[in-house]
Amino acid sequence: MTSDSVQNGSRRVAVTGSTGKLGRTVVAHLVEQGYDVLALDRTRPESPAAPFVAVDLTDYGQVFEALSGGVDEHPTPVDAVVHLAAIPAPGLTTNAATFANNSAATYNVFAAAKALKIRSVVWASSETVLGLPFDTPPPYAPVDEEYHPRPETTYSLNKALEEEMARHFCRWDPELTMVGLRFSNVMDPEDYAAFPAYDEDPSLRQWNLWGYIDARDGAQAVRLGLERTDPGVEVFIVANADTVMSRSSADLMAQVFPDVEVRKALDEHETLLSIDKARRLLGYQPDHSWRDHVG
Ligand SMILES: NC(=O)c1ccc[n+]([C@@H]2O[C@H](COP(=O)([O-])OP(=O)(O)OC[C@H]3O[C@@H](n4cnc5c(N)ncnc54)[C@H](O)[C@@H]3O)[C@@H](O)[C@H]2O)c1
């Protein structure tokens, strides 16, 4: 535990989607940093790292009860929410089922937080709002938060609507801080063995400009979002500092997107999903790279 984390010792945070790929790492990180975590998901984890309550987030009553300390054995209300639960990609189920689940879950979390005067909400948006899979090329590179969302799927449409919804929740409550994290493709260390094969064919990963996010760095961004105190909503691209490729980022852009303006001199493997805003406003500093795991 760091000295910073001690001050978080009394901060009680609910994490939705806590059983999922990103949620597991987020819960472990927040516990390690001294947060008092209440883990929420409809699926029970095999080995819970924090007290767990099974909740279907599409049911407002269940969300309100869980966040307010109404569940027996879990009587302490939370003062912050990390909302990660979702069907996490297009095409896993029907578009309508994806929209119904994800939009209801997010509305219920945002609305229950409002009703309970919870003033800190961090939630998972997605890189997809940048226009993935870039069948229409990006407006420029590296892409950043400066252009309007361009969702191309129902999953992404919902993420874009969530960002808009957050703007209105913050307008309704001037004391509310909401942080939307547009995560890149989430990776665990065991996923890195597959990365060298991407080099053979740049088209395999051009759909997200060869980006990725190590779940541990994703968890860091969540914690930094919880530490943010400026009221209002901000969205941030959260990716690692490099790409999944061995070829240089400038070469990849020149070959695959020759007509797209590259707006800066790129470091050799520099991410084409800009993390400058997250660095600047959150203090985000990715600690990991797949290159440290694959020889
Ligand atoms: N995985 C990625 O590459 C990626 C990229 C960008 C953004 N995201 C976003 O990050 C978040 C976490 O993604 P993940 O990869 O950990 O997904 P995951 O599928 O591994 O975990 C999501 C969890 O949410 C839970 N959940 C879904 N609907 C629920 C409901 N109605 N009630 C209760 N629990 C519910 C699931 O049971 C699951 O445990 C999601 O919001 C996803 O859209 C993921």
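**Ligand shell and helix packing**

By class, the shell around the ligand comprises 12 nonpolar, nine polar and five charged residues. The model is a predicted one. In total, 26 residues surround the ligand, and the closest of them are Gly20, Arg42, Ala86, Pro88 and Ala124. Two or more residues of this shell are given by each of H2, helix H4 (95-115) and strand E5 (120-126). The largest share comes from H2, which gives three residues.

Helix H2 (residues 21-32) also packs against helix H6 (residues 215-227): their axes come within 8 Å and cross at roughly 60 degrees. H2 and H6 are therefore oblique to each other, and their crossing is right-handed. On the H2 side the contact involves Lys21, Leu22, Thr25, Val26, His29 and Leu30; these meet Ala215, Arg216, Gly218, Ala219, Val222 and Arg223 in H6. Sorted by class, the residues in the contact of H2 with H6 are six nonpolar, three polar and three charged.

The axes of H4 and H5 come within 10 Å and cross at roughly 15 degrees. The angle falls under the 35 degrees that count as roughly parallel, so H4 is roughly parallel to H5. The crossing of H4 and H5 is right-handed. From H4, the contact is made by Asn95, Thr98, Phe99, Asn102, Ser103, Thr106, Tyr107, Phe110 and Lys114. The residues of H5 in this contact are Thr154, Tyr155, Asn158, Leu161, Glu162, Met165, Ala166, Phe169 and Trp172. Nine nonpolar, seven polar and two charged residues make up the contact of H4 with H5.

Ala166 of H5, part of the contact with H4, is also in contact with Gly180. Gly180 lies in strand E6 (residues 177-183). With 25 other C-beta atoms within 10 Å, Gly180 is buried, because 20 or more such atoms define a buried residue. Neighbours within four places in sequence aside, the contacts of Gly180 are Trp123, Ser125, Glu163, Ala166, Val233 and Val235. Gly180 and Ile237 are 57 residues apart in sequence, and their C-alpha atoms are 8.7 Å apart in space.

Conventions
Residues are numbered from 1 along each chain as its sequence is written. This is a predicted model: local features need pLDDT of at least 70, side-chain atom pairs count only at pLDDT 80 or more; totals for chains, interfaces and linings use all residues. Axes are lines fitted to C-alpha atoms, for helices over the stretch in contact, and angles run from 0 to 180 degrees between N-to-C directions. Helices (H or I, at least four residues) and strands (E, at least two) are DSSP runs, numbered from the N terminus. Angles under 35 degrees count as roughly parallel, over 145 as roughly antiparallel, 65 to 115 as roughly perpendicular and the rest as oblique. A crossing is left-handed if the near helix is turned anticlockwise from the far one by less than a right angle, and right-handed if clockwise. Two residues are in contact if their C-beta atoms, placed from the backbone, lie within 7 Å. Ala, Val, Leu, Ile, Met, Phe, Trp, Tyr, Cys and Pro count as nonpolar, Asp, Glu, Lys and Arg as charged, and the others, Gly among them, as polar. A residue is near a molecule or strand if its C-beta atom, placed from the backbone, lies within 6 Å of it. A residue is buried if 20 or more other C-beta atoms lie within 10 Å of its own, exposed if 12 or fewer, and partly exposed in between; C-beta atoms are placed from the backbone.
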